[in-house]
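Let's walk through how the pieces of this fold sit against each other. Have a look at the sequence and the model first.

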Amino acid sequence: MNVVPTSENGSPPVYREIAEELRGQIRSGRYADGDRLPGENALMERHGVARATARQALSVLINEGLAVAVRGSGIYVRLFRPLRRHGARRLSKDLWGNGRAIWQTDSEDREYEVDRLRVGEAVPEEHVARALELPEGAGVLRRSRRYLLEGRPVQHAVSHLPLPVLEGGPASAAHRVREHDSGPGGIYARLAELGHAPAHFTEEIRVRMPTPEESEELELSPGTPVLEVARTALTSEHRPVEFNEITMDGSAYVLRYDFDA
């Protein structure tokens with residue numbers, strides 16, 4: 001149950017009343033996506049409040065993800081339909097085994113892109129080596145990338161693949177895993193071609209506040225939390241073949257899970 005702060009007389013603080021009025025105007029369509037909202041000066045004049053109160057009202061909408069501040073320009077409406085991340089279906093072999101990207105499940109028909117893609121061998125951190133059950137001194141192939149939906153950064157992911165897993169098997173598959181474009185079905189399809197098809201996945205999810213670097217990477221508004229996902233892909237013999245660390249904009253996602261009683 002959400003508790004709304006109240007003033008001494010039992011009514012909501014003035015800044016929340018102003019925010020509620022603006023929120024209602026956004027939802028009614030008076031202000032559409034991309035429209036500029038009244039600024040601090042306009043709110044001060046309209047409601048007879050101090051600048052700090054007007055600023056608080058706008059901050060409420062920014063923190064809710066309904067508006068975004070553009071430096072030197074103003075506050076603009078940013079209506080964004082959250083992604084529904086289907087925990088099980090998105091990792092189905094029916095998807096990547098038939099050449100489709102996992103992201104096609106999340107984004108449906110909405111436009112997405114990948115940028116800041118960096119691929120290279122690395123010495124794994126201790127928790128990565130532990131998750132992949134690597135012997136001392138073993139290296140990984142590290143694939144780091146950012147995902148944008150409709151131009152908005154929503155996720156940053158770093159995959160770690162044990163180098164021994166990439167040895168043997170078709171040379172083309174091992175080569176594609178090291179390329180920026182890993183080919184139809186992504187790295188899971190390439191792992192299957194190398195004889196290490198993922199058959200099981202485990203995910204751990206927690207909510208936390210972002211680091212300054214994550215806030216910058218995902219262009220987060222102040223007060224926006226992130227979802228941290230740690231996923232391990234395992235073969236049918238339960239050998240770990242990928243450890244993926246994912247950081248998601250908490251205001252951009254709805255997590256969905258289907259299961260039987």
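The axes of helix 1 (residues 14–28) and helix 2 (residues 40–47) come within 12 Å and cross at roughly 110 degrees. Axes here are lines fitted to C-alpha atoms, for helices over the stretch in contact, with angles running from 0 to 180 degrees between N-to-C directions. Helices (H or I, at least four residues) and strands (E, at least two) are DSSP runs, numbered from the N terminus. So helix 1 and helix 2 are roughly perpendicular to each other, a label used for 65 to 115 degrees.

Which residues meet here? Ile 18, Glu 21 and Leu 22 of helix 1 meet Leu 43, Arg 46 and His 47 of helix 2, where contact means heavy atoms within 4.5 Å.

## What kind of model is this?

It's a predicted model: local features need pLDDT of at least 70, side-chain atom pairs count only at pLDDT 80 or more, and totals for chains, interfaces and linings use all residues. Residues are numbered from 1 along each chain as its sequence is written, and side-chain values use heavy atoms, leaving out hydrogens and water.

Now for the strands: six of them form an open sheet in the order 4-5-6-9-8-7, with antiparallel pairing. Two strands pair if DSSP finds at least two bridges between them. Strand 4 (112–122) and strand 7 (200–208) are at the edges with a single partner strand each, so one side of each has no neighbour in the sheet.

Strand 8 (residues 226–234) and strand 9 (residues 240–249) pair in the antiparallel sense over nine bridges. Glu 228 stands opposite Thr 247 in strand 9.

How values were computed
Parallel < 35°, antiparallel > 145°, perpendicular 65-115°, else oblique.
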